[in-house]
Amino acid sequence: MDTGLTQAENRELEQRLQKRQVKEFMNVFGSLVDNCFTSCVDDFTSKAMSNRENGCISRCVLKSMSTQTRLGERFGELNAAMAQEMQKRM
Amino acid sequence: MSFLGFGRPQPTSAEKIAAVENELKVVAEMHSRMVKICTMKCVDKTYREGELTKGEGVCLDRCAAKFFEAHQSISEQLQKETQARGGAGGFMG
């Protein structure tokens, strides 16, 4: 991506983006926990997680990661198409 | 964005970096919102399976496409309406 920045500026940008990526990962992780816990855990008659709950959470994690992948691909395609469309209009 | 004023200072290094970073931030936020909403709308919350079903997958694809289309049309309409109401509508991406 041609950002029009010098090499030094690009390095600074890269550092900032890396920090953002870490933050973003923590956000995704947090959402995953919130979402899977909310969907799977309902039974507070016991302190220990049941097999059902553990299985549900495991499936939830797998499914959520597949969803992220799929939507990531679609987003990339759609975003590129939108950017192209805007270029045409300018 | 063009700077037509005479003697107007060039954007500083920090401003240029911040501009690029900000643009990427906007895109990343849109991505994050789309994932949350489309997951809510398309994925079965009982998690009986660990894999996306074909139906869920197709729903996600369509949800993403419609999300972008809604983004576009809302952006256009908002700009139009803001101008009609005499507002100094900013540049909407």
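To start with, is A:Arg20 buried, partly exposed or exposed?

A: A:Arg20 counts as partly exposed, at 31% relative accessibility (buried is under 20% relative accessible area, exposed is over 50% and partly exposed is in between, with a 1.4 Å probe and protein chains only). Quick housekeeping: this is a predicted model, so local features need pLDDT of at least 70, side-chain atom pairs count only at pLDDT 80 or more, and totals for chains, interfaces and linings use all residues. Residues are numbered from 1 along each chain as its sequence is written, chains are lettered from A and ligands numbered from 1 in the order in which they are written, and side-chain values use heavy atoms, with hydrogens and water left out.

Now the partner. A:Arg20 makes a salt bridge with B:Glu21, 3.1 Å from N to O (the rule wants a side-chain nitrogen of Lys or Arg within 4 Å of a carboxyl oxygen of Asp or Glu). This pair joins two chains, because B:Glu21 lies in helix 1 of chain B and A:Arg20 in helix 1 of chain A (helices are DSSP runs of H or I, at least four residues, numbered from the N terminus). B:Glu21 itself is buried, at 10% relative accessible area. A:Arg16 also forms a salt bridge with B:Glu21, with the closest N and O atoms 2.8 Å apart. That pair crosses between chains too, with A:Arg16 in helix 1 of chain A and B:Glu21 in helix 1 (residues 13-42) of chain B. A:Arg16 is partly exposed, at 27%.

Then there's a network of salt bridges linking A:Arg70, A:Glu73, A:Arg74, A:Glu77 and B:Asp61. Within it, A:Arg74 meets B:Asp61 at 2.9 Å, N to O, and A:Glu73 at 3.8 Å. A:Arg74 is buried, with a relative accessible area of 17%, whereas A:Glu73 is partly exposed at 43%.

Zooming out, the count between chain A and chain B is 7 salt bridges, and over all chains it is 14. The contact (heavy atoms within 4.5 Å) takes 34 residues from chain A and 39 from chain B. Together the chains bury about 3,300 Å², 66% of it on carbon and sulfur atoms (that's the accessible area, 1.4 Å probe, that two parts lose on being put together, summed over both). On the chain A side, A:Lys63, A:Leu71 and A:Phe75 lose the most area to chain B, together 22% of what that side buries.
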